Amino acid sequence: MQSRPFLDDMLAYARKALTLVGERDGAALASDEVRFLAVQRCIEIIGEAASRTPSPVADALSHIEFRNAAATRHRIVHGYRTIDPDIVARTVSDHFPKLVADLEVALAGQLPDESQE
């Protein structure tokens, strides 16, 4: 499968997570259980899409943190009992703006697994 759908998903859910977190810190995020769960789900989808991005594409787009995204998903899914809302809020606020920008640039051009025809 081509990588574009996975990168499209990563971009869409990173944007959603940023909107959901907004200016909230961990305490404010945790106080709204539905919002907190929605942000976690966005992170899960981003990580799953990152892990499904073909290795040659991820290697070519090395400035995008595919491995970190997949590892973060793994941490949320398997460490669900110990998720720290402060870390979730900071992760989204600190790292997702760059992720969005990097994905926008990558998706604006031709991806390594797309033919030039």
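The model is predicted, so local features are given only at pLDDT of at least 70 and side-chain atom pairs only at pLDDT 80 or more, whereas totals for chains, interfaces and linings use all residues. Residues are numbered from 1 along each chain as its sequence is written, and side-chain values rest on heavy atoms, with hydrogens and water left out. Helices and strands are DSSP runs numbered from the N terminus, a helix being H or I with at least four residues and a strand being E with at least two.

**How the helices pack**

- Two packed helices are described by the angle between their axes and by the distance between those axes. Here the axes are lines fitted to C-alpha atoms, for helices over the stretch in contact, and the angles run from 0 to 180 degrees between N-to-C directions.
- The axes of H1 and H3 come within 9 Å and cross at roughly 160°. That angle makes H1 roughly antiparallel to H3, given that angles under 35 degrees count as roughly parallel, over 145 as roughly antiparallel, 65 to 115 as roughly perpendicular and the rest as oblique.
- The crossing of H1 and H3 is left-handed, a term used if the near helix is turned anticlockwise from the far one by less than a right angle, while clockwise would be right-handed.
- Residues of H1 including Phe6, Met10, Tyr13 and Leu20 take part in the contact with H3, where the residues met include Val39, Cys42, Ile45 and Ala49; contact means heavy atoms within 4.5 Å.
- By class, the contact of H1 with H3 has 14 nonpolar, one polar and four charged residues, where Ala, Val, Leu, Ile, Met, Phe, Trp, Tyr, Cys and Pro count as nonpolar, Asp, Glu, Lys and Arg as charged, and the others, Gly among them, as polar.
- H1 also packs against H6, at an angle of about 145° and with the axes 9 Å apart, and this crossing is left-handed.
- On the H1 side of this contact the residues include Leu7, Leu11, Ala14 and Leu18, and on the H6 side they include Val92, Phe96, Val100 and Leu103. The contact of H1 with H6 divides into 16 nonpolar, one polar and four charged residues.
- Helix H3, residues 33-52, packs with H6 at an angle of about 50°, their axes being 11 Å apart, and H3 and H6 are therefore oblique to each other.
- The crossing of H3 and H6 is left-handed, and the contact is made by Phe36, Val39, Ile43 and Ile46 of H3 together with Pro85, Val88, Val92, Phe96 and Leu99 of H6. In this contact there are nine nonpolar, no polar and no charged residues.

- Leu11 lies in helix H1 and counts as buried at 8% relative accessibility, where buried means under 20% relative accessible area, exposed over 50% and partly exposed in between, with a 1.4 Å probe and protein chains only.
- Leaving out residues up to four places away in sequence, Leu11 touches Val100, Leu103, Glu104 and Leu107.
- The C-alpha atoms of Leu11 and Asp102 are separated by 9.2 Å, although the two residues are 91 apart along the chain.
- Asp102 is placed in helix H6 and is buried, with a relative accessible area of 14%. Not counting residues up to four places away in sequence, Asp102 touches His63 and Ile64.
- Ser3 lies in the segment before H1 and is buried, with a relative accessible area of 0%. Apart from neighbours within four places in sequence, Ser3 is in contact with Thr53, Pro54, Val57, Leu111 and Asp113.

**Salt bridges**

- The structure holds seven salt bridges, a salt bridge being a side-chain nitrogen of Lys or Arg within 4 Å of a carboxyl oxygen of Asp or Glu.
- One of them joins the side chains of Glu114 and Arg4, at 2.5 Å from N to O. This pair links distant parts of the chain, 110 residues apart, with Glu114 in the segment after helix H6 (85-108) and Arg4 in helix H1 (residues 4-21).
- Arg4 is partly exposed, with a relative accessible area of 22%.
- Arg35 forms a salt bridge with Asp32, and their closest N and O atoms are 3.2 Å apart; Asp32 is partly exposed, with a relative accessible area of 29%.
- Asp102 forms a salt bridge with Lys98, with the closest N and O atoms 2.5 Å apart. Both residues lie in helix H6, four residues apart, which is about one turn of the helix.
- Within this pair, Asp102 is buried at a relative accessible area of 14%, whereas Lys98 counts as partly exposed at 49% relative accessibility.
- Salt bridges that share partners also join Glu48, Arg52 and Arg73 into one network.
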